Amino acid sequence: MNIKEFAAYLDKLENTTKRLEITSILKDMISEMSTNEVDKGIYLSLGLLKAQFENPKFNIAEKMMVRVLEFAYKPGKERLAGLFADKGDLGDVALEVAGDTKGDGLSLTDVYNELIELAAIEGSGSQEKKVSKLSSLLIKMDKLSAKYVVRIVLGTTRLGFTELTVIDALNSLIQGDKLTKAKIEGKYNMHPDIGVIAKKIKDSGLKGLDEVVMEIGVPIEPQRCQRLSDPVEIIEKMGCVSAEFKFDGTRVQVHMDRNKPIKSTTSDQNSLFGDNEELKGASVFVKTYTRNLEDSTYQYPDIAEAAIVQLDAESVILDGEAVGYDKNTGDFLPFQEIMQRKRKHNVTEYALDIPLKYFAFDILMLNGKPLVNETLEKRREILSKIIKPGKVIELSRNFVTDKPEELSEFFEESKTKSLEGLVVKKPDAQYQAGARSFAWIKYKKADEALLDDTIDVVILGYYHGRGGRARFGMGGFLTAVYDKATDTFKTITKVGSGLTDEQFVSLRERLDKIKIDKKPAKADVDKFFDVNVWVAPKIVVEVGADELSKSANHTAGYALRFPRMIKIREDRRPEDATSLEEIKSIYKNQKRGSY
DNA sequence: TCTGGCTGCCC
DNA sequence: ATTCTGC
DNA sequence: GCAGAATGGGCAGCCAGA
């Protein structure tokens, strides 16, 4: 398949929102691809080069892509900026400014190989090399192909489908039914590499999937939660439940195998364990993965070590949450500080300063045997038996009940510990990899009550939207609180969630009426938050959030975590917005959990 | 050698 | 992370 | 109700340029 034909399929996909139609187009596309290119084609259509857990990064986003388009087509920077503001998509901008080359000389595989090379460029001078390499690739193709290649590199194909719909298409390719679909989906969740799965199916149908199995070194799609805030409703939906504390940390899937050859990871593991000669020499395969299937081993030498020392097993896959704590007081640390562990250098020293606990809450494989089809109860029992006491890994405590009042009490206990709430599970359910179903429920406080006081903020300006929000001319807006002491508005958060399409349109109309040329005189804004359109500070908006955090970027010195608009406060003047003093006092009253 | 801009990825 | 929307 | 696509704060890493 050449790139032009490929782009034609993507264009068909873009022009419909109907799921059945998308599936059918995908099926045709897959059917027309050769076995050798089907994996590449599918990755590209999803804005990837490989499976998520081994996908190379381009390190090219908006700013770099604007440079690429300027270099390739020379439309002028102002025209580029104008088109981007208008269309909200650099692929669409490319379509507009590209010259028309015939472009049927490039195969899908040619382009794929070029992109692999592009992603591999790094080091001094790499930005210039990337700009020039991608430009020369783009000008070799027709403008529609260029449009989609731009989107692929940006990782935002905006075609209305992901891996799950591709699975549907593959199922339809083999004329399967619900059962076969469940089988493909199950395989995908145990081995989330859609390229491999497509290739096997194309090569030898459903039978080909027999070779696709759960294995150490391939992360499993983690099970996810739905959010609810009413204990009665939770019990009604689930009956008897097993509840656990929800820690404000990061999801970590641990893979450990004492017999798996380490291959190229040897040097990684040696540096991972620093001066620990005993572990350095140990030929034990250990890796950790994030919720989004990224390899995070380098962040967690302490978890890797504990997996070797504390787990009484030959091989194992665990699911759990890593939480940092203060080594002196035992208090859990804010998420911000835990994130400082997300580093490549000096992790070992950092781990001494900010130690962490790994609360294991599930076991997915033990000694080569998948356990995902056992009940949660059974899995927890097995898990409890293989964890030996130690500094890092602990079994996540649970509480079983079928009474809303008791669930509520346990929730209150989580609040006194200042945790995020509870994760509530069905004790008799299998591990539903990839599911966002109601099998696991995240029990958090109700939206408006998350902060003790509501926050009313003043709008200072807005940003042009991307993708589908381009048509509103606004994708989000910048807001501030009022500082009485200096009579200025100090920024506290951007808001881009909680508005309906209609609200976006009407709010933008209102904002355009009070548009001004430059930053309001009374506004104190870091250049980091430069808006596209400034407005007079007049409109007050009520914003919900989960908590306040310290901020180095927002001039208020604080920021909202997970902000969303609740409603416009027609009854408030800008000076009536929440004051900086109030923000400070709300922050002070927030508590931290302890270990 | 330091800093700021950009990027990717955690929540 | 939260939220909205088309199917 | 699912699947997808908008959007938030803020962390470290990388690279360019002062």
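Buried means under 20% relative accessible area, exposed over 50%, and partly exposed in between (1.4 Å probe, protein chains only). The model on your screen is predicted, and local features need pLDDT of at least 70, while side-chain atom pairs count only at pLDDT 80 or more. Residues are numbered from 1 along each chain as its sequence is written, and side-chain values use heavy atoms.

Eight of the eight residues of strand 13 are buried. G476, L478, A480 and Y482 point one way, and F477, T479, V481 and D483 the other.

Strand 12 (residues 455-463) runs antiparallel to strand 13, joined by five bridges (pairing takes at least two DSSP bridges). Look for V458 opposite A480. On strand 14 (residues 488-495), also antiparallel and joined to strand 13 by seven bridges, T488 stands opposite D483. In the hairpin between strands 13 and 14, click on D487, with its positive phi near 55 degrees.

Now pick D456 and R572, which form a salt bridge with closest N and O atoms 3.4 Å apart (a Lys or Arg side-chain nitrogen within 4 Å of an Asp or Glu carboxyl oxygen). D456 lies in strand 12 and R572 in the loop between strand 21 and helix 22, so the pair ties together parts 116 residues apart in sequence. D456 is buried at 3% relative accessibility, whereas R572 is partly exposed at 31%.

Last stop: R379 and D362, both buried, meet in a salt bridge at 2.5 Å, N to O.

Definitions and conventions
Chains are lettered from A and ligands numbered from 1 in the order in which they are written. Helices (H or I, at least four residues) and strands (E, at least two) are DSSP runs, numbered from the N terminus.
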